[in-house]
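Please look at the structure shown below and keep it in view while reading.

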Protein chains: 2
Amino acid sequence: MSKDQASAIHPARSAAIDSWDFETDVAIVGYGGAGSCAAIEASDAGARVMLFEASSDSGGSTALSSAEIYMGGNGGTRVQRACGYEDSSEDMFNFLMACQGPQADEAKIRTYVDNSLDHFNWLVDKGVPFKDSEYKERAIMSLTDDCLLFTGNEKAWPFREIAKPCPRGHNLYIEGDNGGPLFMKIMSENVSKRDIDVHFETRALRLVTDEEHNVVGLVIRQNKQEKTVRAHKGVVLCAGGFVMNEAMLKRYAPFLLKGNAPTGNPGDTGSGILMGLGVGAAAINMHEGFVSLPFYPPASLTYGIFVNDRGQRFISEDGYHGRIGYYSLTQDSDRIYLIFSAEDFASYQQGNYLGADIAGTGETIEELESELGLPAGNLVHTIEFYNEHAAAGEDPQFRKSKEWLKPMAAPYAALDCTPGRGVFVPMFTLGGLDTLPSGEVLSADGSIIPGLYAAGRTTAGLPRRAQGYASGMSVGDATFFGRLAGIAAASHTS
Amino acid sequence: MSKDQASAIHPARSAAIDSWDFETDVAIVGYGGAGSCAAIEASDAGARVMLFEASSDSGGSTALSSAEIYMGGNGGTRVQRACGYEDSSEDMFNFLMACQGPQADEAKIRTYVDNSLDHFNWLVDKGVPFKDSEYKERAIMSLTDDCLLFTGNEKAWPFREIAKPCPRGHNLYIEGDNGGPLFMKIMSENVSKRDIDVHFETRALRLVTDEEHNVVGLVIRQNKQEKTVRAHKGVVLCAGGFVMNEAMLKRYAPFLLKGNAPTGNPGDTGSGILMGLGVGAAAINMHEGFVSLPFYPPASLTYGIFVNDRGQRFISEDGYHGRIGYYSLTQDSDRIYLIFSAEDFASYQQGNYLGADIAGTGETIEELESELGLPAGNLVHTIEFYNEHAAAGEDPQFRKSKEWLKPMAAPYAALDCTPGRGVFVPMFTLGGLDTLPSGEVLSADGSIIPGLYAAGRTTAGLPRRAQGYASGMSVGDATFFGRLAGIAAASHTS
């Protein structure tokens, strides 16, 4: 641990600061999706804004992502309506609540849903382009310039019975998986157009508090020197998550270490969370994260079944890749196999991210079962039971949707999808500072910490767990609640 | 939230305290298992000790428990050896590591194991009686005055292959489930014999820190007045967990709310954890807790099988009740059934804690399956597959031990063990302050907070999760690491 990190936990005290190197109204830490949106809104609300970024350019983890944005409800965004979807806010709300399970933050979900159409329009107004078209394949992101996509578990049971399925993932109008860089280019142009004082290669070291525990500023390091920043209205922490901090992962989210591909930027070291903890903030949902087994495309593999080393199915295969990743990682099983009919394998080599090897093949199920070393007779039953009901368009065990049900025909093959055996298992953190929808940070006793705001993966935001994740939830959360944090900070009077 | 709780998060500053109402070397918060052991050891190390307890008597949650204590290794305790067990430290270490999974704290486990025999002898020296005898039934605690019991998953797969099974749960020499009150009576007598200044009906409100963030004292409330305590050597937080604080459970451990019987004393409100957080301490493992489906005794139900609403088995039924509780609560299933042959039901009404109702019966499996509304054909397969292999003394899916394998014979019955449908699901928290084995509290950046110590359920101790829990781990952890915290605080020089 560097000296900077070790000293981040305790705030500096304003009484010990004779003069400030910088003065502003709102000081924002981190220039990614959340920080840029916070800066734009705080500036548009009339506040002086300083933006501090540790690296030498804007972008954060948002620029590295696909920048899908989860939006809808309110009768539908312009794109949803153009594609024939009349999305309802209640459906979107009920869906999001079910996704997050016992960890759901109802106030955040309600605020997010009620303002989702406004958020779409705000992004469009800022220059973010969305084509009025739908990408209809089952995929992780749009690989064309088409916009709208089912990005989560909307059509999978039990979600499809809780809320009418509607696609809400909005991909930017750009060919291929290039939404992130474009999104951050546009946001950065918006920041540049405004009177926002941006400091690159500047690391936030610690917060500054007064005698009443109000956050009144920030200590930064710039050109090898420590400098003080007085933030008259507030500090907004948008410094990312902690997926790049292995010690912190081990301590707070050891489960995530089952993944092998930390997804984020090198600045995702948890520094914003530590700064918050140092002033008594609560960090919640810290054990949770996004994990995934990205086994589609090709979508045809969805006709297959996942089984554990007991030859049992354990999840409906038509769910989101993160949901299937979560259930695979928690199976308490030495092996996870995706078993499918050879006829559905055709395009596997093209475009698949998972990198799973063939673990066995068989002209009969018995042959495959034996080759995989599964308990004799159980895989046979699992597939016969599955096939018999699939032929009738039913899945009484896991309620896979009819669209993906057909009897599996010989010959069969199995992909070894076991985490830790060569497959790609991306992960990132979903725990962080507990905030109100406004971005105000809550202390461990539930009170508001005056002058402190946070958004993005520095917070426990709207997305709370892999089994209910949908692509677009994190960038959606970071940009939307980043905006609210900027607005709230700008209006704060100390 | 009371005003006291709301103000607990920020420490008082020593510079603002003109004179102290009390002065001592070591101030201990909480007079349960951890606090009493910390007080005795700190006193025996020559420190002046003050002990603050919010209620009007000693006891804490330890007095409400069975006070089983998990001990062994080092060739065996006196009781283990008398009962013919030569326990090895490596077996005990490997077992405990496997139990805690990715959350295991290796340093704590190593220290606990290496000193386990010493701890047994220390307890005996303090007057804690253990009979040199074994309770041989599969049970939650000894219901006679016998001592030694298998209290965890020692004999269940995969643990039995990781470490040679050995019973390590030590019950006190007293008839029935009365170990807790006796244990705390003995510890309280030991405290009384020493020059330890005990203050009942005294609530610890917040810590006191100096300008360098050292913990130097405590603010308490006594007789409706706030008073200050200078602790020259250290403060030891032994204030219990947070299972009685519903807001904190909802925030940090929403999963535990699937339980319906908070197990602890009314003071388990998380106040010690909040005080630690207020000075920058890390709270880890906060989402985890003990949960259980205490379905035995009668042990004969272990011949049955647990299934989910898909008719699948999901865990070996010979495991610890907490392990089976954990897997039941995480099944993502509308129902959890324990299915058994009527011949194993005989004694169910007597001595069972679970309170599950009969959900269905059948002269045939088909009849039972239909009565339970399970997908037709799958329970039939599950039981036929199970029976076929059980007849050969094998369980290729879950590796239940031979001792509990026999084909299930008609007629059959099912108990509805679904959490939330009337069954008793006890729970308590296993998250808290991150400490070194010495009890020194670690800040969120990994540094030691000088002057602050903690033990028991205020900390993330040795036991970390329900699926690897064994009865005796929590009182074992609290008493052993309470002692170390008392010793470390007494030797601290500020």
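At roughly what angle do the axes of helix α2 (residues 33-44) of chain B and helix α9 (residues 179-193) of chain B cross? They cross at roughly 30° and come within 10 Å. Here the axes are lines fitted to C-alpha atoms, for helices over the stretch in contact, and angles run from 0 to 180 degrees between N-to-C directions. The helices and strands themselves are DSSP runs (H or I, at least four residues, for helices; E, at least two, for strands), numbered from the N terminus.

Before going further, note that this is a predicted model, in which local features need pLDDT of at least 70, side-chain atom pairs count only at pLDDT 80 or more, and totals for chains, interfaces and linings use all residues. Residues are numbered from 1 along each chain as its sequence is written, while chains are lettered from A and ligands numbered from 1 in the order in which they are written.

Angles under 35 degrees count as roughly parallel, over 145 as roughly antiparallel, 65 to 115 as roughly perpendicular and the rest as oblique. α2(B) and α9(B) are therefore roughly parallel to each other. Their crossing is left-handed; a crossing is given this name if the near helix is turned anticlockwise from the far one by less than a right angle, and is right-handed if clockwise. From α2(B), the residues S36(B), C37(B), A39(B) and I40(B) make the contact, and α9(B) contributes M187(B), S188(B), N190(B) and V191(B). Two residues are in contact if their C-beta atoms, placed from the backbone, lie within 7 Å. The contact of α2(B) with α9(B) consists of five nonpolar, three polar and no charged residues. In this classification Ala, Val, Leu, Ile, Met, Phe, Trp, Tyr, Cys and Pro are nonpolar, Asp, Glu, Lys and Arg are charged, and the others, Gly among them, are polar.

In chain A, helix α2 (residues 33-44) also meets helix α15 (residues 473-490): their axes come within 7 Å and cross at roughly 35°. This crossing is right-handed. Among the residues in the contact are G33(A) and A34(A) of α2(A), and A489(A) and A490(A) of α15(A). By class, twelve are nonpolar, five polar and two charged.

Some details of the backbone lie in loops. The peptide bond from A410(A) to P411(A) is cis, with omega near -5°, and P411(A) is in the loop between α14 and β17 (412-416) of chain A. In chain B, a cis peptide bond with omega of about 10° joins P297(B) and P298(B).

Six residues of domain 1 of chain A are in contact with seven residues of domain 3 of chain A.

How do the two chains meet? The contact takes 38 residues from chain A and 38 residues from chain B. On the side of chain A that touches chain B, there are 19 nonpolar, 15 polar and four charged residues. A rotation of 180° with 0.0 Å of shift along its axis superposes chain A on chain B (RMSD 0.0 Å). That is the relation of a two-fold axis. The superposition is by least squares on the C-alpha atoms of residues with pLDDT of at least 70 in both copies. Because 100% of the interface residues of chain A are also interface residues in chain B, the copies meet through the same surface.
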